[in-house]
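Q: Could you walk me through this structure, one part at a time?

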Amino acid sequence: MRKIAATYIFTGNQPPIKNGILSLDDNGTILNISQPENLTEQQNLEFYSGILVPGFVNAHCHLELSHLKGRIEENTGIGGFVGKINLLRNTETGDVEKAMQTADKLMWAAGIAATGDISNSLLSIDTKRKSRIFYHTFIETFGFHPSRAERAFDFALYLENNFSENGLACSVVPHSPYSVSQALFEKIRDHVAQKRSILSIHNQESQSETEFFETGTGGIATHIAENLGIDISHWKPTGKSSLVSILEYLPKENTLLLVHNTFTTGPDIEFLLENRAPGNTFFVLCPGSNLYIENALPPVPLFRKHNLNICLGTDSLASNHQLSVLEEMKILQQNFEETGLEELVKWACVNGAKALGIDNTFGSFETGKTPGVNLITGIDFRNLKLTEKSKIKRLV
Ligand SMILES: [Zn+2]
């Protein structure tokens, strides 16, 4: 048994406990959380100056792109970024697997206990099987031209079978509103409706996505026609935002992770909440990646006003400097000062666990759960805020 005390315990779903003690068994299962009147010296008690938080849940990552760290310059915009990924992905001969293993170890050390990871191939299976991190793999399909729908979908089923046979949690998902044809969306919709599986989609990551749906022009149109060389003559802009245009393909019974939401508007949220329940709808924010690609940040005050379930993601090393949920929290606190630390911890832990359907085990300090224990030091205790110097140390 281990007893760990700190200046504050942030449980993930309850107000912080000052000078609390967390008791765990040898497997890391929470036995008890207490708040003694005097934190006197007890036998075997570890005391830390800092805050204890549960293991983080990284709700959006692409392990497969780990070898592209530092390869793509910043502020290319989404069209330029996706174009570069396609180029480098196909020509890169470096050790992709080794880069994934390193990224996985660094995420573990950065206090990440569970990850929602996008995969387009079987490459990450070995890393995930050996990892101490829990992974839910989102098997991502894309195919802008309707003629590609069948092949893309069949390949996704092949990947899904392989991940499942390896005992890894997974589900088939669409890449984004602009890269999936109606025919492919319909196949995915029918498949996930039957499986009741978890959905994730890159949503409104750029202004050009909106432009593409409203007018059929802009950076995405150029990317598809020129970089990919795909005939876009069948494309009819809907005159509506991308989210409004494709929501019908994302069954409301399925848990849905909307990733990025950098250019989501008030009317989009209203439409969304008219069409599905807030309880199984999650807004995954990846501010580090948004700054890297678009030099923009999502409208966090709008999401807070609507009391939406916010989670955090690192996105991939192709568009971020590190895979650290704590660094994402720092960016949000710096840019949206009204967001308190308790709220940020909730986004980083329990909301992500709910999104991935693993909150029985992860995301909060509650008796019987095994969420992992992180210590964050370098806290501004007077204002209860993170600082530039805040660091993470995994204790359990
Ligand atoms: Zn992504």
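**Strands, helices and loops**

Q: Let us begin with strand β6. In which sense do β6 and β7 pair, and over how many bridges?
A: This is a predicted model. In it, strand β6, residues 56–61, pairs with β7 in the parallel sense, and the pairing runs over four bridges.

Q: Which residue of β7 does V57 stand opposite?
A: V57 stands opposite A114 in β7.

Q: And β7 itself: how many of its residues are buried?
A: Eight of the eight residues of strand β7, which covers 112–119, are buried, so the strand is mostly covered.

Q: In which sense does β7 pair with β8?
A: β7 and strand β8, residues 134–141, pair in the parallel sense over six bridges. One of the residues involved is G116, whose bridge partner in β8 is H136.

Q: Which helix makes a β-α-β unit with those two strands, and what is the hand of the unit?
A: The helix is α3, residues 125–130. Together with β7 and β8 it makes a β-α-β unit that is right-handed.

Q: What is the strand order of the open sheet?
A: The order is β6-β7-β8-β9, four strands with parallel pairing. At the edges are β6 and β9, the latter spanning 169–174, and each of these pairs on one side only. On average, neighbouring strands in this sheet are turned by 20° against each other, direction ignored.

Q: Which strands does helix α4 lie across?
A: Helix α4, residues 149–165, lies across β7, β8 and β9. Its direction is at about 165° to that of β8.

Q: Changing topic to helices α6 and α7: at what angle do they pack?
A: Helix α6, residues 207–215, and helix α7, residues 219–227, pack at an angle of about 80°, and their axes are 7 Å apart. The two helices are therefore roughly perpendicular to each other, since angles from 65 to 115 degrees count that way.

Q: Which residues meet there?
A: From α6, the residues are S208, E209 and F212; they meet G219, I220 and A221 of α7. By class, this contact has three nonpolar, two polar and one charged residues.

Q: Now for the loops. Where is E64 found?
A: E64 lies in the loop between β6 and α1, the helix at 77–91.

Q: Is E64 buried or exposed, and why?
A: E64 counts as buried because it has 25 C-beta neighbours inside 10 Å, where 20 or more is the requirement.

Q: What does E64 touch, leaving out residues up to four places away in sequence?
A: The residues it touches are M100, S119, N120, S121, L123 and S124. As for E97, which is 33 residues apart from E64 along the chain, the two C-alpha atoms are separated by 8.1 Å.

Q: What is the phi of N261, and where does this residue sit?
A: Phi of N261 is near 55°, a positive value in a residue other than glycine. N261 is in the loop between β11 (256–260) and α9 (266–275), and it counts as buried because 26 C-beta neighbours lie inside 10 Å.

Q: And what is the phi of L384?
A: For L384, phi is near 50°, which is a positive value in a residue other than glycine. L384 lies in the loop between β14 (373–380) and β15 (385–394).

Q: How many other C-beta atoms lie within 10 Å of L384?
A: There are 14 other C-beta atoms within 10 Å, so L384 is partly exposed.

Notes. Residues numbered from 1 in each chain as written. Predicted model: local features only at pLDDT ≥ 70, side-chain atom pairs only at ≥ 80, totals over all residues. Buried ≥ 20, exposed ≤ 12 C-beta atoms within 10 Å, placed from the backbone. Pairing = 2+ DSSP bridges. Right-handed = clockwise from strand over helix to strand, strands pointing away. Axes fitted to C-alpha atoms, helices over the stretch in contact; angles between N-to-C directions. Contact = placed C-beta atoms within 7 Å. Parallel < 35°, antiparallel > 145°, perpendicular 65-115°, else oblique. Nonpolar A, V, L, I, M, F, W, Y, C, P; charged D, E, K, R; others polar.
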